[in-house]
Amino acid sequence: MQSCPERAASLAGKVSALIKMRRAEKAQRKLAIVLFNFPPNAGATGSAAHLAVFESLHATLLRLKAEGYAVDWVRDGKEAEVAVSATPYSLVVLDLGLPGIDGLDVMREFRRGSTAPIIVVTARGEETDRIVGLELGADDYVVKPFSPKELVARVRAVLRRGEAAVARPAIVRA
């Protein structure tokens, strides 16, 4: 029988191994951040509202990277279409206000070839906008401005639901 310190050390080793395994799983997940309002020099000439949105997006991007997610960031609709068609993303965070190609069109195209979850982040907050986004394939819909902590929590929740759906065996009744 193990002594109390031996059991504690054994438990600490198991917890450490579990944390390492979770970090490795996150590193394998690739997230696409498709956000128009996130240029490299955002806020330099933008309005206070633009700056607030940029700060939220920047904080979200940094938080996702700090949690071990691999993140690609694209800035317009054409880049988004190329990225989402060429890369098997685990999740896409999609801004609907993309230059060049509307975010809804990007989502339609993405849905033709992928079932990966999509979280829409947009300034379009009317009920009809939210319904259209969800009906076209969004798994979640976040209206700007938003809390970076909340968006990261939504990313984790959507990914967790996807894992649960894959892990859950189908129930067959005779």
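**Which residues in α3 meet which residues in α4?**

**View 1. The contact between α3 and α4 in a predicted model.** From α3, the residues G77, A80, E81 and V84 meet D105, V106, E109 and F110 of α4; contact here means heavy atoms within 4.5 Å. Sorted by class, this contact has 4 nonpolar, 1 polar and 3 charged residues. For the classes, Ala, Val, Leu, Ile, Met, Phe, Trp, Tyr, Cys and Pro are nonpolar, Asp, Glu, Lys and Arg are charged, and the others, Gly among them, are polar. A word on bookkeeping: residues are numbered from 1 along each chain as its sequence is written, and side-chain values use heavy atoms, with hydrogens and water left out. As this is a predicted model, local features need pLDDT of at least 70 and side-chain atom pairs count only at pLDDT 80 or more, while totals for chains, interfaces and linings use all residues.

**View 2. How the axes of α3 and α4 cross.** The axes of α3 (residues 77–86) and α4 (residues 103–113) come within 10 Å and cross at roughly 10 degrees. That makes α3 roughly parallel to α4 (angles under 35 degrees count as such). Axes are lines fitted to C-alpha atoms, for helices over the stretch in contact, and angles run from 0 to 180 degrees between N-to-C directions. Helices are DSSP runs (H or I, at least four residues), as are strands (E, at least two), numbered from the N terminus.

**View 3. The two sides of α3.** G77, A80, A83 and V84 are the buried residues of α3 (buried is under 20% relative accessible area, exposed over 50%, partly exposed in between, with a 1.4 Å probe and protein chains only). Looking down the axis of α3, the buried residues fall within an arc of 125 degrees, so they line one face of the helix; the arc is that of the directions from the helix axis to the C-beta atoms. Over on the other side of α3, you'll find K78, V82, S85 and A86 exposed.

**View 4. A153 in helix α6.** A153 sits in α6 (residues 148–167) and is partly exposed, with a relative accessible area of 33%.

**View 5. The cis peptide bond from K144 to P145.** Omega for this bond is near -10 degrees. P145 is in the loop between β5 (140–143) and α6. Most peptide bonds are trans.

Conventions:
Parallel < 35°, antiparallel > 145°, perpendicular 65-115°, else oblique.
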